[in-house]
Each structure stands twice: as C-alpha cells, then as structure tokens.
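Let's go through this model together, one feature at a time. Have the sequence and the 3D view open while we talk.

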Amino acid sequence: METENTQIHVTPGGSHRRHAPPLYGVIAEFENPSDLVAAARRVYSLGYRRINGYSPYPIEELSEAIGFTHTSLPLIVFIGGLVGGIGGFLMQYWIEVIDYPINVGGKPYNSWPAFIPITFEMTVLVAAFSAVLGMLVLNKLPQPYHPVFNVPNFAMATRDRFFLAVEANDAKFDHTEVVELLKSLNALEVNDVEV
Amino acid sequence: MQDETPKPYTEGPMHSTSPVIDPGLTFASVTDKISSIVLKRKTSLAWFFGFAISFALFQLMLLAMTNLLFVGIGLWGVNVPVAWGIDILNFVWWIGIGHAGTLISAILLLLRQRWRTSINRFAEAMTLFAVAQAGMYPIFHLGRPWLMYWLFPYPNTMGIWPQFRSPLMWDVFAVSTYATVSAMFWFVGLIPDFATLRDRARSKPFQILYGMLAMGWRGSARHWHRYEMAYLLLAGLATPLVLSVHTIVSFDFAVGIIPGWHATIFPPYFVAGAIYAGFAMVLLLTIPLRRFYGLEGFITMRHMHNMGKVMLATGLIVGYGYIMEAFFGWYSGNKYERFMIWNRMHGPYSLYYWALILCNIITPQFLWFKKLRSNLLALWIISFVVSIGMWLERFVIVVTSLHRDFLPSSWGMYQPTQWDWAMFIGTIGFFFTLLFLFIRFLPMISIFEMRTILPEAEVEE
C-alpha cells in the first residue's frame, strides 16, 4: 500500500562519525504553493517516485502531483461501519432473544424496529473510530522523530513555507543531479536532509 | 431589508455583504495572529476575572452534586406526577446547544459553506462542553449515580442485561456516541494546529505539550491527503449522528403516552429547536469574543448575517412545531390532547407558555431586517432571548405535560428547589470554565483551515 520512506543507514562503529551522516534525501524550500506544485510535477515527470511535499495546509494539486491519489481509508471506514452495525444489532438480538428474553407488552422477542437506534449509533461509533485510528495508523502517527525536522527553517512548514523532498532511496536518486534539478525549479533554498 | 445604497455585487448576491475573511490577511499573519492569542499575548485581567467567576460557579455545581450524593434525589423538587423536572429539562437544553457546533463543523462542511471555517473550531468546543454538562444530568438523576455503568451492556454476575427496547437505553448510546465522535472530530481538527503551536512556542513546557499533542505532524502531502479524507468521512458520519441524537432525545418523550409528549412531530421539531438554540449560543459567545480578541478580520459581518438567517429559519420551523402541537390537540378530537393544549395556554403554567411564544416566535421575527442582523447588540439580545425561550420550551414540554395527566386525582404542581437551581447555575459555571481554558490554551480558530481560504492559497498552473 502507501509507504512512507523509512530507509535506515547504519553508522558503523557508532560513537564517532568520521563520514558525512547518511542521507534521508534532499529538500527544497519554496515561497508559495504554485511553485511547489509546479516543481513537484516536474520532478515526478522526470521519473522520481519517492518524493513528498510539505505544506501548511492541504493542497489537493500537490498530492496529485506527487502521484499520491489513492488511500484505502474509505474502505477501512466502510468495514468499520459494517462491523459496528452488524455487531450492534447482533448484540441486541442475542441479549433480547437468546440470553435474556423478556416479554414486553406482548411484543416479539426480536422486536427489531426497537433495535434500530442503537444499531445506527454503533455503526457511526465504530466507523468514526476507524476513520480516526485508520488515518493515524496509515500516516504512522504518532511519530515523534522524523528526519525532515532537521531541515533548517522547517518550522516554517507550519506557517507559510512549502517544501519538496526527494528521498535518497529513490531508484533514480543521484545527489548532485537532484540538487541541480531542485535549484533550477525556483527554490529558495536546497538542503540535504540527514537521517 | 431597506438598503438605501445598492452595493455592487462582486461574486453574486451571496458575496454582496462582506467577505468571509479580511482580504489583507496572509499565511503568515493568519498564523501569527491566531497563535499569538495562545502563545504570546499576556493573559488579560478580564480573562482572569471571567475565569474566576466561572470557576466559583463551577464550585457551586460540585457542592450541589456532593449534597445530592449524600442526601439523594429528594433534594430536588421532582416528585410524582412531575418526576422529571428542570434537571431533565437542562439535559435537553444543553445537548440542544451542542448541536449547532456539529452542524457548523460537519453539515456546513459537506455543503461547502466556506464561511464556516472561522467559527467551526469554537463551535465544536462549545458542543463538547455543552454535551459534558448535558451528560451529567441523566446520570445524577439515576438516584444511585454510582451504578451508572449498569446502563452499559457488560457481562455481569447478576446475570441481567439492559432493556434495549427502552428509549432511555437508546439515549445512553446516542449521547455517549455523540460525545465520543464530537471529541474525536475536534481533536483531529486540532492536530495540524498543534503542530503550528509546537513550532511557534517559545517555552520548553509548551513545546513539549503541543509537540506531544501534534503527534509528529509535519504537513506531509501524503498525510494531508489521508487527513482530508478522514475529516470528510467524519463529517459525513457526524451529520446523520447529530440528527439522530436529538431525534432519540425526543423519543424519550414521544414514546411515552403522556398527552403533550406522544406526538409524531417531536423528532424534526426537536432537531430544529436544537439548531436554533445552538446558533443562539454561538452568537451569544462569538459577539463578545471577536470584539475582545480583535478577530473582526476572521469572523466578519458575513458570519453574523448568516448565523442570524439560520436562526430565523430554524425559529420558523420551531414556530411551525408549536402551531402544529396546538392543531393536533384540537384536530385529534381526543379530550386529553385538547385539555393538554388548553392547560398549556390557560393552566397554572400558562405564563411560561406565553413567555415561550414571545421569546421563540415573536423575537426572531426581528431577524428579517438586515439592519437588525447587522447590529451586533440587537443580535446579541435576540440570541439571549432565544436561549431563554428554548429553556422555557423544554419547561413547557416536560413540566406542564406531566403535571396534568389522565386522572385529576394524580395531578400536582412542581417547584424547582434551590438545589435544582444550584446545579443549573453550576453547570453554566462549568461550561464557561472549560470555555475560558479553551480560548487561553488552544487556537479558537482553525489556523490551517483559515489558510485554505486565503487568496494566496490558490495554486496557479
């Protein structure tokens, strides 16, 4: 399914790094959403696939530009709703018909219209939980550390700056080439991202 | 209505009054302005003053509850035949107020009403806090509140189960689902803003606090894509949910056979009333708040107009409900139904009925006039009157229906005691306590959604 980049370079030895730290990728900073989307389209058209944009608000064109248009969240929520609805009804049926039948005003034990409100509420409850937890799990959140937080000025990604990252585990990734490419795309600044 | 100088239309009649957002704002200024209320601005004396009063009233609620736990339900004025007094009334009133928040955040989102953006966070918070107040009433009404978990179906050593054919059980599921889903919807909406606050906070404790709440949000395009989908699906789920909640609350009454309760019009009439009361409360709170925090650029006159119009529309539906109740009473040919409506108008509680008509049917008619919708003081007063009116409506439904049922030998009168009032005033205190904390520690306007409606958010290709 949808994967986030989690490439790991192990630093040999550990304590003292003699070499440059392993690279997560290269990131470019943009001043406005139009530049970011244009750059993302260009990078994608050149065959880079492990790319990601970062923006202070959702940009529909951006996820399209990086080729990320499918999410299985609606399916998860649908299944959640189904489980909630069927489970909610069966719970009431089992309790009122099988385990603890009580005659209320001569109504049938399986007085299903009376079970509808709770069936509905259970459908909504489980579907809503699936939506929230599904979104968090697919996004791999909570995630306290991520390499992009090392980027200088990345705090502005939650204010008024826009970023495009090309990740180092892309099949086409070549450091100098990518840096040159991003610099040619109207970027304010291009930086390496350490893991 | 009577506008002397016709203004030029910019984008059609909807946009003729005022913009959804001050056109001079940018990503940076929106972010800084809203986050500075939480992070930079010195807590004003007025905030401390308001918080202190609310907190003191909150203590009154705790006192009333503690006393109730020691003494029991006899502390309240409820007794047969009026076994549901103002405590159930307050439950319905509070939960109704909550409905506007969900309407603004979910239904208006699905209808692509962009003006909702600047008020939805606040309205959702209001929903959550109002539902918290509402939830306490039925629990404390149980007589033995410490056994409230018996309401939930869990396998127990007594070998018994709850009765799912009872509307009171439906209520348990509806209200708890509503509270849970509202809380999740609110929290999900806050995640990107927590990230904004994390990156803006200067002091370590706040960086850690907001950082934990943001859960590592970094504005990734893939994340946004799933986030938007989750938000849309939650809105789609919350929309039928909010309608179901007040429908089920109305079933608490309508499924009973008491004249004045047993009516098919109850579900739509309750839902409309809930939205009516809720918008009144949103206006009641936002008018002073936007003035105090200088948020006129975000919450514009356009919002005030629109909320006034929603209030007028739902007020008319509620008015229709009252007229239909009277019509059913007459047309049914049933003497108990006829007596019920006659008793409402001329019985011992007739003052409440006529005050209700004055507050809920006559007062909102002023909203037809654009001049009055543009006058914030008038709008505030109308909202205040409507809030009282909706309280009276529930009084009329709960108390006057119960106090005169089929047999004159079982008639009685109801008088709330000081402890009923202490609980009510206390919950108002608790509500405002939560609200004051909210506006101090969380962004009361959704920052990331405000960015999306700025002109510079358009992608040019």
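Q: Where does Lys140(A) lie in chain A?

A: Lys140(A) sits in the loop between α4 and β3 of chain A. A quick word on labels: this is a predicted model, where local features need pLDDT of at least 70, side-chain atom pairs count only at pLDDT 80 or more, and totals for chains, interfaces and linings use all residues. Residues are numbered from 1 along each chain as its sequence is written, while chains are lettered from A and ligands numbered from 1 in the order in which they are written. Helices (H or I, at least four residues) and strands (E, at least two) are DSSP runs, numbered from the N terminus.

Q: What is the phi of Lys140(A)?

A: Start with the general idea: most residues other than glycine have a negative phi, and most peptide bonds are trans. Lys140(A) has a positive phi, near 55°, and is not a glycine.

Q: Why is Lys140(A) called partly exposed?

A: You count neighbours. A residue is buried if 20 or more other C-beta atoms lie within 10 Å of its own, exposed if 12 or fewer, and partly exposed in between, with C-beta atoms placed from the backbone. Lys140(A) is partly exposed because it has 15 other C-beta atoms within 10 Å. Arg112(B) has 7 other C-beta atoms within 10 Å, so it is exposed. Gly74(B), in the loop between α2 (45-71) and α3 (86-110) of chain B, is exposed as well, because its count is 12 other C-beta atoms within 10 Å.

Q: Which residues are on each side of strand β2 of chain A?

A: In a regular strand the side chains alternate between the two faces of the sheet. In β2 (residues 51-54) of chain A, Ile51(A) and Gly53(A) are on one side, Asn52(A) and Tyr54(A) on the other, and all are buried. Two strands pair if DSSP finds at least two bridges between them; here four bridges join β2(A) to β3 (residues 162-167) of chain A, and the two run antiparallel. Tyr54(A) has Phe163(A) as its bridge partner in β3(A).

Q: What span should helix α8 of chain B have?

A: The expected span is 1.5 Å times one less than the number of residues. For the 27 residues of α8 (residues 266-292) of chain B that gives 39 Å, and because the end C-alpha atoms are 39 Å apart, the two agree. To look for a bend, take the angle between axes fitted to the seven residues ending at a residue and the seven starting there. α8(B) bends by about 25° at Thr286(B), with a proline, Pro288(B), following within four residues. Of its 27 residues, 20 are buried, and the helix is followed by Gly294(B), whose phi is positive, near 60°.

Q: How many residues of chain B are in contact with chain A?

A: Contact means that the C-beta atoms of two residues, placed from the backbone, lie within 7 Å. By that rule, 51 residues of chain B are in contact with 60 residues of chain A. On the chain B side, the largest share, 16 residues, comes from α7(B).
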